[in-house]
Amino acid sequence: MGDQEPAVKPLNLSDVRDRISEVFTDAVVRHRPVPIARGGKDLGVLLGLEEIVRLVEGISFEPEVFKEDGAVNVWLPEFQVYGRGKDLAAARLDLLDEVRDYVLEYLEEIDSYRAAPNRRAHFPHVIKALAADLSGHLDSIIFADRPTTQAEEGLAAAHVR
Amino acid sequence: MPQPTFDDIRRFCEIDGWSKKESARGKTGDHDRYVKRLGDGSIVRTKASHSKDQIGDPRLWHRIWKEQLGLESEEQFWAALRTSVPVEREAKAPKGTPDWLIRRLIHQVGLTEEVALSLSPEEAAARWERFISAPR
């Protein structure tokens with residue numbers, strides 16, 4: 001099994017260097033994943049952002065809203081972080097800030113985060129948040145169709161824990 | 001038990017040997033940020049606002065002590081503050097599977113509660129990764 005040739009042969013990294021623009025166009029504009037190999041051992045696949053978004057479209061976030069006197073908190077269980085503000089809109093903004101920080105921290109320290117028993121399962125959500133942030137849709141991906149303001153939230157109270 | 005202030009959380013992190021760090025994007029902001037690596041490789045992280053506020057919602061506080069501070073009980077938090085002694089947890093068994101992952105395994109993957117709860121954190125993570133990467 002292992003010695004059978006793959007249907008799509010990876011490009012050699014040195015070939016990719018010589019025609020990076022064409023390879024990039026293939027992956028991003030023509031939506032064709034491009035396998036790339038280095039030294040017969042390291043194997044990667046270049047994907048367009050649109051394809052990554054499609055791959056993680058089944059993953060969702062389920063923020064929880066907690067109100068207290070003078071403050072609103074939004075807890076994001078998938079990353080174990082929360083945003084806090086004087087109202088729901090401010091708490092949501094604070095949470096988005098936390099998510100961006102978390103994604104960057106996760107990717108900068110990926111060896112330890114992917115190995116950590118309490119962080120390992122976050123990886124798909126990290127990719128989802130990264131792709132959403134790059135596409136300018138982080139807010140709508142995290143909060144889906146949840147209300148933005150407390151007035152809207154009041155109308156949708158049944159959906160907010 | 002009382003609800004903690006952010007000063008309490010800050011003091012807990014200092015007693016429990018957490019490292020203070022900047023946000024990944026280098027912002028100081030209006031929080032202090034702390035991280036700690038546990039003996040089993042888990043990474044716990046939290047933040048403490050510079051405000052004098054109390055964490056008023058018990059549900060949020062429950063998530064903070066359990067999931068951010070990695071404690072087994074709220075009492076461990078208050079005991080550390082009372083005694084100024086770090087929490088004893090380095091030699092303990094790995095932390096359990098997070099609640100959110102158990103919920104996903106039950107409601108999205110379709111495991112029974114009994115099966116989901118019987119998985120180790122590593123098995124639960126692997127089962128979830130298989131589910132979300134399977135073609136639909």
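This is a predicted model: local features need pLDDT of at least 70, side-chain atom pairs count only at pLDDT 80 or more; totals for chains, interfaces and linings use all residues.
A residue counts as buried if 20 or more other C-beta atoms, placed from the backbone, lie within 10 Å of its own, as exposed if 12 or fewer do, and as partly exposed in between.

Residues are numbered from 1 along each chain as its sequence is written, and chains are lettered from A and ligands numbered from 1 in the order in which they are written.

Now the sheet, in chain B. Three antiparallel strands form an open sheet in the order E1-E2-E3; strands (E, at least two residues) and helices (H or I, at least four) are DSSP runs numbered from the N terminus, and two strands pair if DSSP finds at least two bridges between them. E1 (19-21) and E3 (43-49) of chain B are the edges, each with a single partner strand, so one side of each has no neighbour in the sheet.

E1(B) is joined by three bridges to E2 of chain B, residues 31-37. There, Lys20(B) sits opposite Tyr34(B) of E2(B).

Next, the helix. Which residues of H1(B) are buried? They are Ile9(B), Arg10(B), Phe12(B) and Cys13(B). These cover an arc of only 160° around the axis, which puts them on the same side of H1(B); the arc is taken from the directions from the helix axis to the C-beta atoms.

After H1(B) comes Gly17(B), with a positive phi near 75°.
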